[in-house]
Amino acid sequence: MAVPARTGGASRPGPARTALSRPRRGPRPGPGAPRPASGPPRRLLRLLPPLLLLLLPLLAAPGASAYSFPQQHTVQHWARRLEQEIDGVMRIFGGAQQLREIYRDNRNLFAVQENEPQKLVEKVAGDIEGLLARKVQALKRLADAAETFQKAHRWQDNIKEEDIVYYDAKADAELDDPEMEDVEGGAKVSALKLDFVEDANFKNKVNYSYTAVQIPTDIYKGSTVILNELNWTEALETVFTENRRRDPTLLWQVFGSATGVTRYYPATPWRAPKKIDLYDVRRRPWYIQGASSPKDMVIIVDVSGSVSGLTLKLMKTSVCEMLDTLSDDDYVNVASFNEKAQPVSCFTHLVQANVRNKKVFKEAVQGMVAKGTTGYKAGFEYAFDQLQNSNITRANCNKMIMMFTDGGEDRVQDVFEKYNWPNRTVRVFTFSVGQHNYDVTPLQWMACANKGYYFEIPSIGAIRINTQEYLDVLGRPMVLAGKEAKQVQWTNVYEDALGLGLVVTGTLPVFNLTQDGPGEKKNQLILGVMGIDVALNDIKRLTPNYTLGANGYVFAIDLNGYVLLHPNLKPQTTNFREPVTLDFLDAELEDENKEEIRRSMIDGNKGHKQIRTLVKSLDERYIDEVMRNYTWVPIRSTNYSLGLVLPPYSTFYLQANLSDQILQVKYFEFLLPSSFESEGHVFIAPREYCKDLNASDNNTEFLKNFIELMEKVTPDSKQCNNFLLHNLILDTGITQQLVERVWRDQDLNTYSLLAVFAATDGGITRVFPNKAAEDWTENPEPFNASFYRRSLDNRGYVFRPPHQEALLRPLELENDTVGILVSTAVEFSLGGRTLRPAVVGVKLDLEAWAEKFKVLASNRTHQDQPQKCGPSTHCEMDCEVNNEDLLCVLIDDGGFLVLSNQNHQWDQVGRFFSEVDANLMLALYNNSFYTRKESYDYQAACAPQPPGNLGAAPRGVFVPTIADFLNLAWWTSAAAWSLFQQLLYGLIYHSWFQAGPAEAEGSPEARESSCVMKQTQYYFGPVNASYNAIIDCGNCSRLFHAQRLINTNLLFVVAEKPLCSQCEAGRLLQKETHCPADGPEQCELVQRPRYRRGPHICFDYNATEDTSDCGRGASFPPSLGVLVSLQLLLLLGLPPGPQAHQVHAHTSRRL
């Protein structure tokens, strides 16, 4: 471990030791060999008084030269030479001072405008409120119309498929699938054929004259319920089109029916996935949020010995599907029970039903094992205790217990009397799972006596429907509340299933207003949910883009603290079945100040706070400590709050005023490629300067498109953004003046420079000379370039070596093209207003500067030959002559190697220094030269894990013997019917045959999956002085000296090269690593939940609710003929027809 040699800065605890010099003579020993006796033994050195230790270099053997480790003042002298060289080059070639003067000389061409945070954030919040208010009006028109149409509709018992004509959104996909051909032959008369046109707003082909209908794969399209639903919802088409006429900016308008039917406008073909399509609108985040109030749910699972392997598998899958019906506004826990109850996971209380917590549950339920006897009392007492725990964060609205069992006789009435009667504040839902002959009356009684519902799940095909229909029961109080419950709610961010990208949705429940007859009770069924999408990009357009500077931004969060808008909201992969939930404290680096800001925003307050905080660089390799001003206000009539983040230096910005058209033309000519040879190459930021400007990822092509458009329109054209255009043209002229005044007359080769450059807020990046642009790899948008943003946040010269991954091959030093970027911000004041409108810099030739580095860190007094140590003299080692014994490096503030005196390390420039010299980097960290920051990236994408080899048979599935097949009685048994359905639905739920829970992928294709990556960045610690230390390791100890170079982000380190490898300590890691447990331990995180607030409305009780409809058994024994025929189809390997994949919709629904 490295310990300090003297007082010079903070250090990690350890014994102090003086170690300023050590004599060297003769060749270095090899690894593990004893050191030559050129001086006293090292152990003796440690016992000598400090004064004598200083004299040891003079006590070398007479008649021989001796080298000692350079003393502190020597290294400081080298550091000053390096600082002077860097400063001199940047002053001559960087042009920061000259560019300041150019801006001042041209101050008549621009005005200085002020960003007033409070006014800005209030204006943007008002604009967003107005945008969403227009969608709310459209929603209300749709919901009112739907209730009117359904009330006027007359139920038809004898309705047929050919009576209904509609556009089936999945028809084209099904026709392309040979397995989905109509078994009755011929095309269905109900299917409309439509023509579509491409629409950029929808990123899709649409038809504005019709709606489209999507029906889940596991629902039979020809059932009476579905046909009646299609009949009355057809009238919504006129309301959809009228809404669009009033507001042409409307995107998808959707009605999600409680029967599973989705009717949306405008019509577009369904995005058919490569796997089986299991999309069901009732499982979409927006539907769940709109169909019921928040929930506190406890799921209890019977794992007694009577639960066979097949039934247990059904239960596990049912629990996973049940969890998918919960949103982030809900809280849940899962427990198993036999004689006693216990949680299936590490969660000991209700936890938020977010994506990560639900994943923990899904993995935990797979470990449930059946044993013991059934004890309903233990299970229900555990569940009620969970729901009565008021010391934790929870939804505090609907409370419910979901029990999965294979049957039993105990009604546990005493438990209900103790915990739930007479108020019955907790609903009980019971699920009879599997094929069995148990009496289900006790299960029905439990549900009916506690305002719940009883369901049967005889096979896997019944799971999806029966684990989501409880929402109808929870919707009863909403329906009975009437207008009071008709409140629009806005969702979390999620991925649109039709390709619109990230959206939020306004939702409004639609109620059944029919009555069975005069004087009858009011109907209490929810018809469905109406939704209108708003693309995040449409909201972003209302925020200021370029007046806030490169490091200013707008963000918005919801009541859960999840970001709606944020520059760091960039999910690498999205699963349309799950919302995109990135917490504000995960989008930024968390600290106490941000926790306070987040809480205030969730509470709907206004506020302003200036804080010192840490920010990651754009490339996520560096950390900077910066000042930021946070200002926030609520967005009225929504659940959102809006914030503005502004660095102090972005309080003011430039607005060009190029009224002189002659000057416009003059400056514009410097954008023409014909001027690049003399004026340097120009990259322009790919911004939306004009509506008709064709975008391109190739900057050369984009510049060509821009020039062609500018030949047709003027910068003052109404179709163009005049602010962006004028600033771009102004910065073109200003950077050209920098070429004329500074760069053109300088010989870059004299100082071994590959290029000089300037980048501006206006969107110009000028690289000189023109040929250097061939190797320019920086982002042409300065606001998205890491060097630009870091230079604004750091004073002085910011070095950035070329980026290298540890596993990639080293840099190829060919044709002197590998360069090190050095940049600095241009700051000036006008009338007391400070601005930083540009960044300038140079690109150093790596090889040439590595040689120069050795010379500057040497004992040369002039540009003569290296100084030799003659006989009978004592010399200090330097980085040039003694490069075989002495390691000299420059490391940047992120811990990445910038320069080295070791030629073999030149190809490692840009790597984290621990990969170059782990021992020395650890010593620097232990001595507080560096501080470490760990965080988690919750938006990463990882390659899918291949499934393991599970053996010959599916886990948990009963495998019949030959005797069973030959026994006719077996073919008519429940076991045979259940097995057949398992195999049949196994074709749909492929993961049924895997080790994990059954998950049907509904995304367009199997791609990378979302995962959590642990990130580690290093940045300069508190030590800011010259510092000597020793890496203590017996005979392999090393001396080193480290010193920060002023006005740069560099650390100069001089160290003895390692004598042997036996003292190699642990290696510091900087590379992003995958977290198999999905980030920090979830079990620990739920013990300190982040602050949140649920929706302000709750509908969980209504005195007039009719609870008599509480479920009943509905067992339909299959016919022997059908069983034998279908079983033979399986045995012969023939694919089943499409209706084998369908489950009839429940006709018991009262409409």
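**Nonpolar cores and disulfides**

In this predicted model, the largest nonpolar core holds 101 residues, of which L924, Y930 and F1052 touch the most other members. Helix α3 (residues 72-94) gives the most to this core, contributing eight residues. Beyond its neighbours within four places in sequence, L924 is in contact with I891, F929, Y930, F1040, A1042, L1051 and V1053. A second, separate core comprises 47 residues, including L502, L548, I557 and L644.

The count of disulfides comes to five. One of them joins C346 to C1083, with an S to S distance of 1.5 Å. This link of C346 and C1083 is left-handed, with -75° about the S-S bond. C346 is in the loop between β12 (341-343) and β13 (351-352), whereas C1083 is in helix α31 (residues 1082-1085), 737 residues apart. C346 is partly exposed, at a relative accessible area of 32%, while C1083 is buried at 18%.

A disulfide also joins C397 to C1098 (S to S 1.9 Å). Its torsion about the S-S bond is about 100°, so the disulfide of C397 and C1098 is right-handed. The pair links distant parts of the chain, with C397 in the loop between α12 (376-388) and β14 (398-405) and C1098 in the loop between α31 and α32 (1120-1132), 701 residues apart. C397 is buried, with a relative accessible area of 2%, and C1098 is partly exposed at 33%.

The sulfur atoms of C448 and C1110 are 1.8 Å apart and form a disulfide. Here the torsion is about 85°, so the C448 and C1110 disulfide is right-handed. Because C448 lies in helix α14 (residues 441-448) and C1110 in the loop between α31 and α32, the pair ties together parts 662 residues apart in sequence. C448 is partly exposed at 30% relative accessible area, whereas C1110 is buried at 6%.

Key:
Residues are numbered from 1 along each chain as its sequence is written. This is a predicted model: local features need pLDDT of at least 70, side-chain atom pairs count only at pLDDT 80 or more; totals for chains, interfaces and linings use all residues. Side-chain values use heavy atoms; hydrogens and water are left out. A nonpolar core is a set of buried Ala, Val, Leu, Ile, Met, Phe, Trp, Tyr and Cys residues joined through side-chain atoms within 4.5 Å. Buried means under 20% relative accessible area, exposed over 50%, partly exposed in between (1.4 Å probe, protein chains only). Helices (H or I, at least four residues) and strands (E, at least two) are DSSP runs, numbered from the N terminus. Contact means heavy atoms within 4.5 Å. A disulfide is a pair of cysteine sulfur atoms within 2.5 Å.
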